[in-house]
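Subject: Structure handover

Hello,

Please find the structure below, followed by notes on what was found in it. Definitions are given where a term first comes up.

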Amino acid sequence: MTQKQVEKWPIPKSVNEIEHYMKQRVGLGVSFDIGVRKLKILRCDVHIYYINGLTDTMYIIQLIRELLGINNREKLSSDIFTLVENRLANQSVEKTQELDQLVTEVLSGLIGVVVDGADTAFIIDVRNYPGRMPMEPDTEKVVRGARDGFVENIVINTALVRRRIRDERLRFEMHKVGRRSITDVALAYIEDVADPDLLNILRQELKAIDIDGIPMADKTLEEFIVRQGANPYPIVRYTERADVAAAHILEGHVVIFCDTSPSVIITPTTFFHHVQHAEEFREAPAMGTFVRWTRFLGVFTSIFLLPLWLLFVLEPSLLPEKLSFIGPNKQTNIPIVVQLFMADFGIEFLRIAAIHTPTPLSTAMGLIAAVLIGQIAISVGLFVPEVILYVAVAGIGTFTTPSYELSVANKIARMLLMLAVAFFHLPGFVIGCTLWFIFLANMRALNTPYLWPFLPFEPRGFMQIIFRQAIPGSALRPSIVHPRNRFRQPPEG
């Protein structure tokens, strides 16, 4: 039985019954953070339920003062429910007649006010979640640009986007996911631009999620929505920058916000979306194009440099005389392919260690790895110098890839190509590259061709990928998102 099929319980008219339910089912009196404040207002019981740490304490104190003031200003014959309603000085006050909704909202950080004799409760939004303030994401830094990034609070994240898109057609469609976690998930889109079919697919996928909770937030959502399986290549794009999310919403994408996550999911995306970076759009078009080409070169290097060099080492006859210097200059007891894998895994060890090491220590660790491990490994004959050189260049190309998920997927592809070259030499390289390309060409991300606009080929979109066009010249939205309104700028005439 899913969460949507659970029977709805009405709110009892007796506050004592509500309190009993809170004690038996919610943990009132056992969990220290669940609180209740009992008031007597004109001889009528009024209870306020809240969660310590998720609510604004000062507002609750002010609310109690307002409610207790009724005793000094009103008569006993007055309608208590109406009086309480008129004293709830807050911009967000809702009513509910369902007990499970009352409990869910209280556990989400809102407060619930129940009046004895009434079958309706008040839900007041006074959430004050613990968290950090918006700051620039470490993984998407820019030289010039906004320094505010998403945090773990969905309210702050949607506000950052709303600040950039003040369109009355911008929608943040809220959903609840998880039987126990009941996590807030919002679909962000522009109503007259986003593809209705894509929206329907995402709504159906979110409603179909039947799990107790999503503590890993957006990553769990991705696995339910796209069902990636063993495919290492990312099908959706993550970003922690509010300006990047806003730009994609304006293009016609649908962005998924998940509470407790500092990143959002952009759908649909292609391979080329994962190699774009905000830095390109913060510079002049010519400079942005140069940065983009440099990044493409880095991505290409991260995939093909090591397999190509290994192929030339195993098949020196493939090299012209002017490039005959490529390859190890001395013999070694360890096969070159083994050295490449050892060095490649060594860089991966350092990357993982740097993530889990405090910043002051990670700097020292890098010096130790570069000076001691690398130099001594060459001196004792474990590696030839060329192996260290080419593995380092390929590693730098991996780090130039904006998408972390894509960089790891490319590393896996690189290792598979090296194995193909090691076993089958030139035929292995050709067949391996062909299978890799066919694999990407057959991929679809939410019914979107993964290699668009290269396959299927679209000249206008392909030129926008190769060259960073000026914004005044980008009059049309990408056709791949199937926008309802293709024009970003009004057509002339």
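Five of the five residues of β9 are buried, so this strand is largely enclosed by the rest of the structure. Buried means under 20% relative accessible area, exposed over 50%, and partly exposed in between (1.4 Å probe, protein chains only). Strands (E, at least two residues) and helices (H or I, at least four) are DSSP runs, numbered from the N terminus. From β9, Val254, Ile256 and Cys258 point one way, while Val255 and Phe257 point the other way, and all are buried.

Two points on the model itself. It is a predicted model, in which local features need pLDDT of at least 70 and side-chain atom pairs count only at pLDDT 80 or more, whereas totals for chains, interfaces and linings use all residues. Residues are numbered from 1 along each chain as its sequence is written, and side-chain values use heavy atoms, with hydrogens and water left out.

Confidence

pLDDT is the predictor's confidence in each residue, from 0 to 100. The protein has a mean pLDDT of 88, and 93% of its residues reach 70 or more. Among the elements, β9 has the highest mean (96) and helix α12 (residues 359–379) the lowest (64). Over residues 1–6 pLDDT stays under 50, and there the model has eleven contacts beyond four places in sequence; a contact means heavy atoms within 4.5 Å.

Overall form

The protein has 15 helices and ten strands. Its radius of gyration is 29 Å, well over the 23 Å that the globule rule gives for 493 residues, so the protein is more spread out than a compact globule. (The radius is taken over C-alpha atoms, and the rule is 2.2 Å times the number of residues to the power 0.38.) The C-alpha trace spans about 105 × 65 × 45 Å along its principal axes. Of the 493 residues, 48% count as buried. Among contacts between residues at least 6 apart in sequence, 67% join residues at least 24 apart.

The sheet that holds β9

This is an open sheet of five strands in the order β6-β7-β9-β10-β8, with antiparallel pairing. Its edge strands are β6 (170–177) and β8 (237–239), each pairing on one side only. The twist from one strand to the next averages 25°. Axes are lines fitted to C-alpha atoms, for helices over the stretch in contact, and angles run from 0 to 180 degrees between N-to-C directions. Helix α8 (residues 218–226) packs on the sheet and touches β6, β7, β8, β9 (254–258) and β10 (264–267); the direction of α8 makes about 130° with that of β9.

Two strands count as paired if DSSP finds at least two bridges between them. Eight bridges join β6 to β7 (residues 183–190) in the antiparallel sense, and Lys176 stands opposite Asp184 in β7. β7 is joined to β9 by four bridges, again antiparallel, with Ala188 opposite Val255. Between β9 and β10, also antiparallel, there are three bridges; Ile256 has Ile265 as its bridge partner in β10. The hairpin of β9 and β10 has five residues between the strands, and in it Thr260 takes a positive phi near 75°.

In the loop between β6 and β7 sits Ser181, which is partly exposed at a relative accessible area of 34%. A polar atom of the Ser181 side chain lies 3.4 Å from the backbone oxygen of Val177. Not counting residues up to four places away in sequence, Ser181 touches Asp212, Gly213 and Ile214.

The other sheet

An open sheet of five strands has the order β1-β2-β4-β5-β3, with antiparallel pairing. β1 (34–41) and β3 (93–96) are the edge strands, each pairing on one side only. Ignoring direction, neighbouring strands of this sheet are turned by 25° against each other on average. Helix α1 (residues 15–26) packs on the sheet, touching β1, β2 and β4, and its direction makes about 25° with that of β2. β2 and β4 (residues 111–115) run antiparallel and are joined by four bridges; Tyr49 has Gly112 as its bridge partner in β4.

Thr55 lies in the loop between β2 (44–51) and α2 (57–68) and is buried, with a relative accessible area of 7%. Leaving aside neighbours within four places in sequence, the contacts of Thr55 include Tyr50, Gly109 and Val126.

Regards

Conventions. A polar contact is a pair of N or O atoms within 3.5 Å; within protein, one must be able to donate a hydrogen and the other to accept it, and residues adjacent in sequence count only if both atoms are side-chain atoms.
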